[in-house]
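Here is a short tour of one protein chain, written for someone who likes to check contacts and distances. Keep the structure open beside the text as you read.

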Amino acid sequence: MRDNWIRITLFLTLVSSPGVLFSQGYSPQEAEQRMTTADGLKVELVASEPFVRQPVAIEFDDRGRLWVIQYLQYPNPEGLKRVKVDRYSRTKYDRVPKPPPFGPKGADRITILEDSDGDGRMDGGRDFVNGLNLATGLAFGHGGVFVLNVPYLLFYPDRDRDDVPDGDPEVLLTGFGMEDAHSVANSLTWGPDGWLYGCQGSTVTAHIRGIEFQQGVWRYHPTSHKFELFCEGGGNSWGLDFDRTGELFYSTNYGGYVLLHGVQGGYFVKSFGKHGQLHNPFAYGYFDHASHENFQGGHVTVGGIVYQANTLPTKFRNTYIAGDLLGHNIGWHRIQRTDSTVRTEHGGELLTSHDNWFAPTDVTTGPDGAIYITDWADQRTAHPDPDADWDRSNGRIYRIAPRKMPEEKAFDLAKLDTAELLQLHSHSNQWYVRRARQELVRREDRSLIPEFRKKAMQGLQEIPALEALWSLHALGGFDDALAQQLLNSPHAAVRKWTIRLLGDGEQVSTETAYQLDELAQVETDVTVRNQLACTAARLPADQAMPIINANIITDIDADDPRIPLLWWWAVEQHSVSGRDEVLQRFTRPSLWNSKLGRETLLPRLIRRYTAEATSSGWDAVVQLLNSAPDQSARLSLWKPIWQGWQEQAGEEAEQFRRDIAPAHPLAQLVRSAWTSAPADSTLTRLAIALGYDEPVEAVRLEAFNSQTDDARRVTLLGVLAQTNDPALIKPALELLDSPTPEAIQRAALELLARFEDPDLTDRLLDLHQSTTSATLQSKIRDVLFGRVSSATRFLDAVVRGDVAPSQVPLEQVRRLVLLNDEKIDSRVTQHWGQLSSGSRGEVLAEIRRLNNDLRASAGSAKDGRLVFNKHCAACHQLFGAGKKLGPDLTTANRQDRDFLLASLVDPSNVIRKEFVSVIVQTTDGRVMTGLPISRDANQVMLVDPQNKSVSISTSEIEELQESPVSLMPDNLYRQLSAQELRDLFAYLQSNGEQ
């Protein structure tokens, strides 16, 4: 071992010597000198290459030593064969590797660093384990080290604390996704509840114990071995932490935001276009990011922590500190409570690197209260090609601390006695509090349970009482009797966490259930009511529904940004398994006096029961309809019934709709209601769907009557479209031949798009050539390009010379390629040229050519703004101007010219995940494409390159898949002169001040 320390010291000597060459960028010392910090702080180099490379995660152990994961295997796992790679570098491999040490031996390693002389710089180290294969997270506890090495969560025991694993790791979990090494499971963090939490990013899919998910926060309990998806959604998150009251925050890669406020059982925004709807089709809503003010920097935050120490100035305490990957800085953000959630505000830069190769990957607080950050140290910030020649020679760790930093004394928490560990629970640095709790758990030391009980029940201050509760629970001292006392605590956070811990047991005693019901009726704190909703989703229906009902009656959170949905998710959890309990509360007249009940919960419950497509579900809908106080109230419920009807899917649902639904009492109610209110379009749709003839004829007469209001005609034409009746073709075509408003013509064309008929195609082709309206021509092409047969007839007209290729914009021609027909592809190439950007070599050659143009002379940012407004603003926003059909360029990596050029030349290869368009094939044979701006169990809303939106019912979708083609044409830049390109880039890379 002594030789190992000597080698590491020699490396440090070489790193600090002048004249040493580094593979790229500034030397560690030069990079450090260029950095600036917030007032009163300094930045110091802690460790660097060659013995720290590609650091992705760091943690301090109970002796104050710094451990680092060197992610050297990134981006491809060792020993696996690539079967398929898509354009986002999601890779399918030939097999699942065996866990270490039996699987392929990778290059990743977990290294222990040490500062033996206390000067703040690491001067020694050794590997705890190496040969790992995509390792991204570590956590200490329970006599060993927990390690994320996808697809596994591993535990390496080291009970003798000699820094050598006692044996092969125990496999705790298997099934984490590994398709994309920059999105895999990461950020192992102990929760105050004793569970081990982690994130998973956006381009991998986990399959763990029957739970499938992409983005989200998950957790694992080390003694019960339970696994849960804590909340779903959130983007490509890398970093999570808990604040002083145990609220969970996790990072994001969505522009304009810095974090998500995680909540137990919550559903959050995700890349719906890429992964589809939430895994619960009846969620009927989701939470967005925490709203953020004064956004600065790039759109990727990583390694975020809530700073909970007093070493840095007071203004930083309880703020969110995270790496700004694309801004190449470390930012800090204020967290402010707003109702049941939080909002954030950019406070400033904690560290400004002045170095485009500074790429922070993790942030943590040290035992000294300073901030430690890892630096990937590379010019590349965009997600790489998996075959790129990756430079793995770099890596740094820095410390941000006050200019006068007291020397940290050596310590070993394992050598402290119980009284000393208790004293650490009041330490001003949260790091000591958490580690002291873990040390007590490691020892299984229950001697402090009486003391913790006393502090939890009688503590005069909220945070000490809460810390005592967490430690009490961790040591097994939390029980039902204690919980009943703590529910009366004067501290809201203690009440909240008592409810949370009770819910984790998934059942409570009868006495506690009554107390929770009583608390729900009188609780004054919104965060406690928030947790009541989360816990109600976990308890049995007979215990949960009284709690839910109490909040319906009190009705004080109907306008809260989150709580109404949380109560719905609790109701939905019990809607089928506890149907009788649910209906007992929702058929009471008092429900209609509650805004929460009548506007949020009841409509969703009716929609969910309708979508169930069973007699039991529809019987429940009839009960709920009959409980409405009057006809006006009942009329408001037909819309969720129609939504639920559209969500019915599968063979059993189809059989129900065909054989049972028409004769069900609900169908009779629909017919009766329509007779009383024939002008209601929702009732009309339902009546037609159930097979009644009278509504069809009534709608037909009104829709084609020129005296009918225009907006009403548009609605009715949409109603008729669902009938697929060929008799509608003739009157719809007559609408196109007449001087009819554009909105009606569009509705008529959408109706006609449902029919595959040669005569109809000929009529539309004739109209395409005879009309002088460019808008109508474009809409006709949309219809014709939706099927192979009609698209082929259109191309026949191009071949004959009846239609000039110049009449068709390139972005519309691209739709033809999506039909996946060789004959069509050949004709497209013949008349419009090669639409794709070409081979990789051709793309690189074009980028080099454009780079030469950009270097030839300077561009004008002022003139570039005009170029942007003309060619880019229809889809992109920059400095607040433009539309957001594509990514907001304000937060993009605009200083990387090669990245911008690649985005122009080969846009389909660099599509951000949230801007992936989709191809929809409908049940009647149409092909449609666009960006999915919203998607739920009821419908998909697409926006096309002309910013036109179209809604497609899920019941009409035969197949939905990602489009391999960007909505942005490859050849758009060819419309620009060399000077216009220079001007555009000058504006893109400016600060927006002209």
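## A buried lysine and its partner

Lys496 is buried: its relative accessible area is 6%, which is under the 20% that marks a buried residue. As the model is a predicted one, please read this and every other value here as computed from predicted coordinates. Lys496 forms a salt bridge with Glu247, and their closest N and O atoms are 2.7 Å apart. Distant parts of the chain are linked by this pair, since Lys496 belongs to helix α9 while Glu247 sits in the loop between β19 (240-242) and β20 (248-250), 249 residues apart. Glu247 is buried as well, with a relative accessible area of 12%.

Arg219 and Asp504 form another salt bridge, with 2.9 Å between the closest N and O atoms. Arg219 is part of strand β17 (residues 216-220) and Asp504 is part of helix α9 (residues 492-504), so this pair ties together parts that lie 285 residues apart in sequence. Both Arg219 and Asp504 are buried. Through salt bridges with shared partners, Asp193, Arg219, Glu228, Arg500, Asp504, Glu506 and Arg538 are joined into one network.

How many salt bridges does a search of the whole structure find? The search gives 47.

## The chain as a whole

Stepping back, the chain holds 34 helices and 37 strands. Of its 994 residues, 59% count as buried. Among contacts between residues at least 6 apart in sequence, 65% join residues at least 24 apart.

Helix α20 covers residues 665-676, and its 12 residues should span 16 Å at 1.5 Å a residue; the C-alpha atoms at its ends are 17 Å apart, which agrees. Which residues of α20 are buried? They are Leu666, Ala667, Leu669, Val670, Ala673 and Trp674. Viewed down the axis of α20, these buried residues fall within an arc of 155°, so they line one face of the helix. As a reminder of the geometry, an α-helix has 3.6 residues a turn, so residues three or four places apart point the same way.

Thr675 and Ser676 are exposed, on the other side of α20. The packing partners of the buried residues of α20 are α16 (615-626), α17 (631-635), α18 (638-647), α21 (681-689) and α22 (694-703).

With a relative accessible area of 39%, Leu635 is partly exposed. Setting aside neighbours within four places in sequence, Leu635 is in contact with Asp680 and Leu683. The C-alpha atoms of Leu635 and Asp680 are separated by 9.0 Å, although the two residues are 45 residues apart along the chain.

Is Asn530 buried or exposed? Asn530 is buried, as its relative accessible area is 9%. Asn530 has its place in helix α11 (residues 526-536). Not counting residues up to four places away in sequence, Asn530 touches Val263, Ser340, Ile563 and Leu566.

## Space inside

Rolling a probe the size of a water molecule over the atoms shows where empty space is left. A search of the whole structure finds 7 cavities of 30 Å³ or more. The largest cavity contains about 240 Å³ of space. It is lined by 18 residues, of which Asp62, Phe140, Gly144, Asp158 and Arg161 are the closest to its centre.

Which elements give two or more residues to the lining of the largest cavity? They are β9 (135-141), β10 (144-149) and α5 (430-443). Helix α5 provides the largest share of that lining, with 4 residues.

How values were computed. Residues numbered from 1 in each chain as written. Predicted model: local features only at pLDDT ≥ 70, side-chain atom pairs only at ≥ 80, totals over all residues. Heavy atoms only, no water. Expected span 1.5 Å × (residues − 1). Buried < 20%, exposed > 50% of the residue type's maximum accessible area, 1.4 Å probe, protein only. Arc of directions from axis to C-beta. Contact = heavy atoms within 4.5 Å. Salt bridge = Lys/Arg side-chain N within 4 Å of Asp/Glu carboxyl O. 1 Å grid on protein atoms, 1.4 Å probe; cavity = no way out; pocket = protein on both sides within 12 Å on 5 of 7 lines; lining within 4 Å. Points joined across faces, edges and corners; volume = space filled by probe spheres on them.
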